[in-house]
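Student: Hi! Could you walk me through this structure?
Tutor: Happy to, let's look at it together.

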Amino acid sequence: GGSEVIDYHVHYVEVRHLTHNEWLAEFKKDGDEKKGGRGSQQHSDEKHEVKTPVSLRVGSSATSYTLRDLRGETDYTNIRVHARTAADLESEPAVVKSVTTLPPSMRELLIKEI
């Protein structure tokens, strides 16, 4: 028995591995780091791991759902899916430890360049 399922909640962590230049382009604000000088080259080979937690609601009781617009060549970890019932109860999660997406498409690379 029990209440009917009315929605699903999905939680995961997007893990990106960025070069130092990619990290600077995305996260550096003007004035955060001294410009020029010898210090600007010392980080060129440095890698940064950026973890972004994501939570979303499916919005229905459908038993299939496709995550869209995921980044290419990116790890998605700790994927958890919870059912939500009409009585506002949450199920134990179904868990997928990790998924890695395929390399980015030419379209995704073009959008990144723009």
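Tutor: We'll go through pockets, aromatic pairs, salt bridges and backbone angles. This is a predicted model, where local features need pLDDT of at least 70, side-chain atom pairs count only at pLDDT 80 or more, and totals for chains, interfaces and linings use all residues. Residues are numbered from 1 along each chain as its sequence is written, and side-chain values use heavy atoms, with hydrogens and water left out.

Student: How many of the lining residues are nonpolar, polar and charged?
Tutor: For the largest pocket, nine are nonpolar, five polar and nine charged. Ala, Val, Leu, Ile, Met, Phe, Trp, Tyr, Cys and Pro count as nonpolar, Asp, Glu, Lys and Arg as charged, and the others, Gly among them, as polar.

Student: What about the second largest pocket, what lines it?
Tutor: Its lining is Y8, V10, V58, A62, T63, S64, Y65, L67 and V81. The second largest pocket has a volume of about 160 Å³, and its lining has seven nonpolar residues, two polar and no charged.

Student: New topic! How many aromatic pairs are there?
Tutor: Two. Rings of Phe, Tyr and Trp (its six-membered ring) pair if their centres lie within 6.5 Å; planes under 30 degrees apart count as stacked, over 60 as edge-to-face and the rest as tilted.

Student: Why is the pair of Y12 and Y76 called edge-to-face?
Tutor: Because the planes of the two rings, Y12 and Y76, are at 70°, with the centres 5.6 Å apart. This pair links distant parts of the chain, since Y12 is in strand β1 and Y76 in strand β3 (residues 75–85), 64 residues apart.

Student: Is Y12 buried or exposed?
Tutor: Y12 is buried, at 9% relative accessible area, and Y76 is buried too, at 3%. Buried means under 20% relative accessible area, exposed over 50%, and partly exposed in between (1.4 Å probe, protein chains only).

Student: And what's the pair of W23 and F27 like?
Tutor: That pair is tilted, with 6.2 Å centre to centre and 40° between the planes. Both residues lie in helix α1, four residues apart, about one turn of the helix. W23 is partly exposed at 27%, and F27 is partly exposed at 31%.

Student: OK, salt bridges. How many does the count come to?
Tutor: Seven. A salt bridge is a side-chain nitrogen of Lys or Arg within 4 Å of a carboxyl oxygen of Asp or Glu. D7 and R57 form one of them, at 2.7 Å from N to O. D7 is in strand β1 and R57 in strand β2 (residues 47–57), 50 residues apart.

Student: Which of those side chains is where, starting with D7: buried or exposed?
Tutor: D7 is buried, with a relative accessible area of 3%, whereas R57 is exposed at 59%.

Student: Which residues are linked in a network of salt bridges?
Tutor: E14, R16, E26 and R71. R71 also turned up among the residues closest to the centre of the largest pocket.

Student: Last one: what is phi of E73 near?
Tutor: Near 50°, a positive value in a residue other than glycine. E73 sits in the loop between β2 and β3 and is exposed at 57%. N78 also has a positive phi, about 50°, although it is not a glycine; N78 is in strand β3.

Technical notes. On a 1 Å grid over the protein atoms alone, a cavity is a set of points where a 1.4 Å probe fits but cannot get out, and a pocket is an open set with protein on both sides within 12 Å along at least five of seven lines; lining residues have an atom within 4 Å of a point. Grid points are joined across faces, edges and corners, and a volume is the space filled by probe spheres set on the points. Helices (H or I, at least four residues) and strands (E, at least two) are DSSP runs, numbered from the N terminus.
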